[in-house]
Amino acid sequence: MSSGTRKRRRRPTSQERQAGLIAAAASLFAAKGFNGTTTKEIARAAGVSEALVFKHFPTKRALYAAILAEKVTVDELLEAVGESAKKRDDRRVFTLIAGFRIRPGVDSTLLRLLLFSALEGHELSDMFFGKHHRVLYDHLAAYIELRIAERAFRDVDPLLAARAFIGMVVHHRLLHEIFGVPMHRPHDETVTTYVDLFLTGLVRLPAGPAARRHAR
């Protein structure tokens, strides 16, 4: 085939280059930390020049924000949780959150980024925590507070209860993804077990005869 008829290789679009830079940066940050990663390394991993990195992301903060937008996807989860909350479907609310946190095949990059950012005292830590953790705590705490007011749940601190539940499933992910502890139960069974354990301690039980007499 002559050079005149040889198909030209398609040049990547600006959006494709930007996506490649985000992926390369996130992977390097998750493996080496923020302090240990340079823009030269990001450019090399993405197969572009360092100048192109700064063309797409003039500052590191712009790159961090892009990683957040790419990696943090809780909007659909919150919408589903909100629909279940309207129906007062306690089990579904907690199952959605637990299932999201420990779903199979999840990219561990975000969890590693969260840990690195916190341990290194990086500015990204607050950005990640606010968009990925605090929003879930706040939504779940608000639901727990509502159910306490409706006397469906025990009178507990709503925020501590929300943190306890999310902390339980996040710890599960840490064991599995960071420390390499193998999962010994299927995903659905694991989620069900965690939800059962937590709701058993949270749901208000009907008062017995002695308690009813005392309330009179």
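**Exercise 1.** Is Arg-185 buried, exposed or partly exposed, and with what relative accessible area?

*Solution.* This is a predicted model: local features need pLDDT of at least 70, side-chain atom pairs count only at pLDDT 80 or more, and totals for chains, interfaces and linings use all residues. Residues are numbered from 1 along each chain as its sequence is written, and side-chain values use heavy atoms, with hydrogens and water left out.
Step 1: take the classes: buried is under 20% relative accessible area, exposed over 50%, partly exposed in between (1.4 Å probe, protein chains only).
Step 2: Arg-185 has a relative accessible area of 46%, so Arg-185 is partly exposed.
Step 3: take its partner. Arg-185 forms a salt bridge with Glu-189 at 3.5 Å between the closest N and O atoms. The criterion is a side-chain nitrogen of Lys or Arg within 4 Å of a carboxyl oxygen of Asp or Glu. Glu-189 is partly exposed too, at 36%.

**Exercise 2.** Describe the salt bridge between Asp-90 and Arg-147.

*Solution.*
Step 1: the closest N and O atoms of Asp-90 and Arg-147 are 2.9 Å apart.
Step 2: locate both ends. Asp-90 sits in helix 6 (residues 90–101) and Arg-147 in helix 8 (residues 124–149), so the pair links distant parts of the chain, 57 residues apart. Helices are DSSP runs (H or I, at least four residues), numbered from the N terminus.
Step 3: check burial. Asp-90 is buried at 13%. Arg-147 is buried at 11%.

**Exercise 3.** Explain the spacing of Glu-83 and Lys-86.

*Solution.*
Step 1: their side chains meet in a salt bridge (3.5 Å, N to O).
Step 2: Glu-83 and Lys-86 are three residues apart in helix 5 (residues 75–86), so about one helical turn separates them.
Step 3: Glu-83 is partly exposed at 41%, and Lys-86 is exposed at 62%.

Key. Helices (H or I, at least four residues) and strands (E, at least two) are DSSP runs, numbered from the N terminus.
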